Amino acid sequence: MPSLFWLAALPALAAAMLGLPLDQPLLLAAAALLTLLGGIPHGAFDIALARRLLGLDARQVLAAFAAYVGVAAVMGLLWLHLPHLALPLFLLMAAAHFGEDWTMLEQGLLRAMAGASVIAASAIGQPQAVAALFELLAGGPEGRIVAQAAVAAAPVTLLVTMAGIGLAWRDGHRAWALAQATAIGCLLATPPAIGFFLYFTLLHSPLHLSGHCRALADWGPTRLWTLGAAMAAGCTLAVVLL
């Protein structure tokens, strides 16, 4: 498991248990920025992985890239014009993506439910903060309804997550199980921006990046880091400009 995750998550969890304030604006802003910079690179290799796994030629790679950009553009337009629909759609896609980590759960629905626990844990642990955040993202009171739905789903999704952690522990993946349990604890106890940063940037993203490095082993670290850094810089610039 990534060392940085333990170095950040354990002190954050201890601070939350001691009642120390973690919702300071500077701390939240830093967590948001690091989430952006540290999270984007793990998706920077999607086209390269598709080319490797599917054996795409140059024309097919361009078509895949165009489709990729097109989907992003459609999602951007949806956020601009129908944010109250974009938010739940985004959260469902996020749950499915996070569920990919739970390979010990055989059924796709159970994996998605375990992935949804990332959202549900924060919603049930920090209900007011998550409701306010979702209301902002949805552009109206519909966001609070989404937050309430996440709270309602929390008992089931967390139960599935606990089962997944138990299966991982039984199968010998004990460091993974402890890290996931710690991440859920952070999501329950710390402000949403802090908990999500700890999970997404310091645990989920590095685990995916390590898999990408194995799949693209012939690239070498320089090429991998260059592409990841370029994607993070480009997306950050786009955020600043837009």
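The model is predicted, so local features are given only where pLDDT is at least 70 and side-chain atom pairs count only at pLDDT 80 or more, while totals for chains, interfaces and linings use all residues. Residues are numbered from 1 along each chain as its sequence is written, and side-chain values use heavy atoms, with hydrogens and water left out.

**Stop 1: H9 and H10**

Select residues 174–189, helix H9, together with residues 192–215, helix H10, whose axes come within 8 Å and cross at roughly 155°. Helices here are DSSP runs of H or I with at least four residues, numbered from the N terminus, and axes are lines fitted to C-alpha atoms over the stretch in contact, with angles running from 0 to 180 degrees between N-to-C directions. H9 and H10 are therefore roughly antiparallel to each other, a term for angles over 145 degrees.

To display the contact (heavy atoms within 4.5 Å), show Trp176, Ala179, Gln180, Ala183, Cys186 and Leu187 in H9 with Gly195, Phe196, Leu198, Tyr199, Leu203 and Leu207 in H10. The residues of this contact divide into 10 nonpolar, 2 polar and no charged, where Ala, Val, Leu, Ile, Met, Phe, Trp, Tyr, Cys and Pro count as nonpolar, Asp, Glu, Lys and Arg as charged, and the others, Gly among them, as polar.

Among the buried residues of H9 are Trp176, Thr182, Ile184 and Gly185, buried meaning under 20% relative accessible area, exposed over 50% and partly exposed in between, with a 1.4 Å probe and protein chains only. The cover over the buried residues of H9 includes helix H1 (3–17), H6, helix H8 (142–170) and H10.

**Stop 2: Thr161 in H8**

Next select threonine 161, which is found in helix H8 and is buried, with a relative accessible area of 2%. Leaving aside neighbours within four places in sequence, threonine 161 is in contact with Trp102, Ala114, Ser117 and Ile184.

**Stop 3: H6, H7 and Ser122**

Bring up helix H6 (residues 108–125) and helix H7 (residues 127–138), whose axes come within 5 Å and cross at roughly 115°. In this contact Ile119, Ser122, Ala123, Ile124 and Gly125 of H6 meet Pro127, Val130 and Phe134 of H7, and by class there are 6 nonpolar, 2 polar and no charged residues.

Centre on serine 122, which counts as buried at 7% relative accessibility; not counting residues up to four places away in sequence, serine 122 touches Pro127, Val130, Leu187 and Pro192.

**Stop 4**

Finally, select helix H3 (residues 46–54) and H4, which pack at an angle of about 140° with their axes 10 Å apart. The contact is made by Asp46, Ile47 and Arg51 of H3 and Val61, Ala64, Phe65 and Tyr68 of H4, and by class it has 5 nonpolar, no polar and 2 charged residues.

Helix H4 (residues 58–81) also holds tryptophan 79, which counts as partly exposed at 26% relative accessibility. Not counting residues up to four places away in sequence, tryptophan 79 touches Ala86, Leu87, Phe90 and Leu137. For a distance check, tryptophan 79 and methionine 162 are 83 residues apart in sequence and 33 Å apart in space, C-alpha to C-alpha.

How values were computed: Helix = DSSP H or I, 4+ residues; strand = E, 2+ residues; numbered from the N terminus. Parallel < 35°, antiparallel > 145°, perpendicular 65-115°, else oblique.
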